[in-house]
Amino acid sequence: MEVDILDFVEQCRYLAKQALGKHAGEPASGGFARWIHVVLHCFRLEEEHSFRETRIG
């Protein structure tokens with residue numbers, strides 16, 4: 001069963017925010033909120049992309 005990418009990202013976001021708690025919105029390295037780093041990592045693994053292919057900026 002194919003998963004819609006938007007649904008996948010939203011589910012990752014929900015789980016990341018739940019796991020990180022009050023620290024989810026704090027900036028990590030690169031200036032992005034911590035939950036964004038987790039979602040990008042999940043996306044990278046799901047799509048089998050290299051780190052360089054999913055790099056922001």
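**Questions on a predicted model**

Student: What percentage of the 57 residues in the protein is buried?
Tutor: This is a predicted model. A residue counts as buried when its relative accessible area is under 20%. Among the 57 residues of the protein, the buried share is 14%.

Student: How many helices and how many strands are there in the protein?
Tutor: One of the helices is H1, which covers residues 5–20. Helix H2 covers 34–47. The count for the protein is zero strands and two helices.

Student: How far does helix H1 reach from its first C-alpha to its last?
Tutor: H1 has 16 residues. At 1.5 Å a residue, 22 Å is expected, and the computed reach is close to that. From first C-alpha to last, H1 reaches 22 Å.

Student: Why do the buried residues of H1 line one face of the helix?
Tutor: An α-helix has 3.6 residues a turn, so residues three or four places apart point the same way. The buried residues of H1 are Phe8, Cys12 and Ala16. Seen down the helix axis, the buried residues of H1 line one face because they fall within an arc of 65°.

Student: Which helix do the buried residues of H1 pack against?
Tutor: The face of H1 turned away from its buried side carries exposed residues, namely Leu6, Tyr14 and Gln18. The buried residues, Phe8, Cys12 and Ala16, pack against helix H2.

Student: Which residue just after H1 takes a positive phi?
Tutor: H1 covers residues 5–20. Just after H1, a positive phi of about 60° is found at glycine 21.

Student: How many disulfides does the structure hold?
Tutor: A disulfide needs two cysteine sulfur atoms within 2.5 Å. The structure holds zero disulfides. For cysteine 12, the nearest cysteine sulfur is that of cysteine 42, 3.7 Å away, so by the 2.5 Å cut-off cysteine 12 is in no disulfide. Cysteine 12 is buried at 10% relative accessibility and cysteine 42 is partly exposed at 25%, while the number of disulfides is zero.

Student: Which residue forms a salt bridge with arginine 34?
Tutor: Side chains of opposite charge can pair when their charged atoms come close. A search of the whole structure finds one salt bridge. The closest N and O atoms are 3.7 Å apart, and the partner of arginine 34 is glutamate 26.

Definitions and conventions
Residues numbered from 1 in each chain as written. Predicted model: local features only at pLDDT ≥ 70, side-chain atom pairs only at ≥ 80, totals over all residues. Heavy atoms only, no water. Helix = DSSP H or I, 4+ residues; strand = E, 2+ residues; numbered from the N terminus. Buried < 20%, exposed > 50% of the residue type's maximum accessible area, 1.4 Å probe, protein only. Salt bridge = Lys/Arg side-chain N within 4 Å of Asp/Glu carboxyl O. Expected span 1.5 Å × (residues − 1). Arc of directions from axis to C-beta. Contact = heavy atoms within 4.5 Å.
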